[in-house]
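Here is a report on one protein model.

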Amino acid sequence: MASDSQPPSQCLGPEYRDEAERPEATVSKPVPHDNVHILAQTPQLIALLTMIRDKNTGRADFIFYSNRIIRLLVEEGLNHLPVVSHEISTPVGRHYAGVKFEGKICGVSIMRAGESMEQGLRDCCRSVRIGKILIQRDEETSKPKLYYDKLPEDISDRWVLLLDPMLATGGSALMAIEVLKSRGVPEDHILFLNLIASPEGIKKFADEYPKVRVVTAFVDQGLDEKNYIVPGLGDFGDRFYTM
């Protein structure tokens, strides 16, 4: 059931305006887990989330604004990958002490909704390899069941960005982590990128896989009696691909 506690809110808008002139909006719940990073609740992010939550937003706009958020998630996710020192020479003959990523990366999308996040990853990481995992609920047991996976052969040597826009109960994402671990991917080499999560799913994720980093745009109020995220945005895959 959804939490009865009131969701947090804050005034949003440029700091040069008085607080009385800035509107108050619902922002993400904070969570007490060190491995969970929530995007800064900026006016831009909340405006984008407002658009995709709105039931009256058409499919074209839903796709456009979802892609904007996905890009923000990927950009932030890359900040959580380790880097090593890398000095280069500039065209004017000077040296610059910079960094480069420590190892190779790949994306893995949880089908089908996770596939919506693949282009955002490709936009940020040129020629990135992407694997796929299909997990669906077994109607007899109501538990997630693995139906298909296609992953890079050398995935155990890569840092993996796991892609799925919604984290409700966490069943599919947790099984996806097990699939990756069975292929030799260390737990601390996995980053889970997610648009909207429930507190229940986040807690289960953090408790079972404390070394997996989660980067999410928003932790919502909770789950309803049907395990839908509330206030949520409905079925992400349906809205992105068919409606």
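F240 counts as buried, at 9% relative accessibility. Buried means under 20% relative accessible area, exposed over 50%, and partly exposed in between, with a 1.4 Å probe and protein chains only. The model is predicted: local features need pLDDT of at least 70, side-chain atom pairs count only at pLDDT 80 or more, and totals for chains, interfaces and linings use all residues. Residues are numbered from 1 along each chain as its sequence is written, and side-chain values use heavy atoms, leaving out hydrogens and water.

**Aromatic rings**

The whole structure holds 6 aromatic pairs. Rings of Phe, Tyr and Trp (its six-membered ring) pair if their centres lie within 6.5 Å; planes under 30 degrees apart are stacked, over 60 edge-to-face, and the rest tilted. Among the pairs is F64 with Y65, which is edge-to-face at 5.1 Å centre to centre and 90° between the planes. F240 and Y241 have ring centres 5.1 Å apart and planes at 70°, so this pair is edge-to-face. Ring pairs also link F62, F236, F240 and Y241 into a cluster.

How accessible are the residues of these two pairs?

| Residue | Relative accessible area | Class |
|---|---|---|
| F64 | 46% | partly exposed |
| Y65 | 22% | partly exposed |
| F240 | 9% | buried |
| Y241 | 30% | partly exposed |

**A buried histidine**

H33 sits in the loop between β2 (24-26) and β3 (36-38). Is H33 buried or exposed? H33 is buried, with a relative accessible area of 17%. Leaving aside residues up to four places away in sequence, H33 touches I202, K203 and A206. Contact means heavy atoms within 4.5 Å.

**The whole protein**

The protein has 6 helices and 14 strands. Both are DSSP runs, numbered from the N terminus: helices are H or I with at least four residues, strands are E with at least two. Of its 243 residues, 41% count as buried. Among contacts with a separation of 6 or more, 61% come from residues 24 or more positions apart.

The C-alpha trace spans about 55 × 55 × 35 Å along its principal axes.
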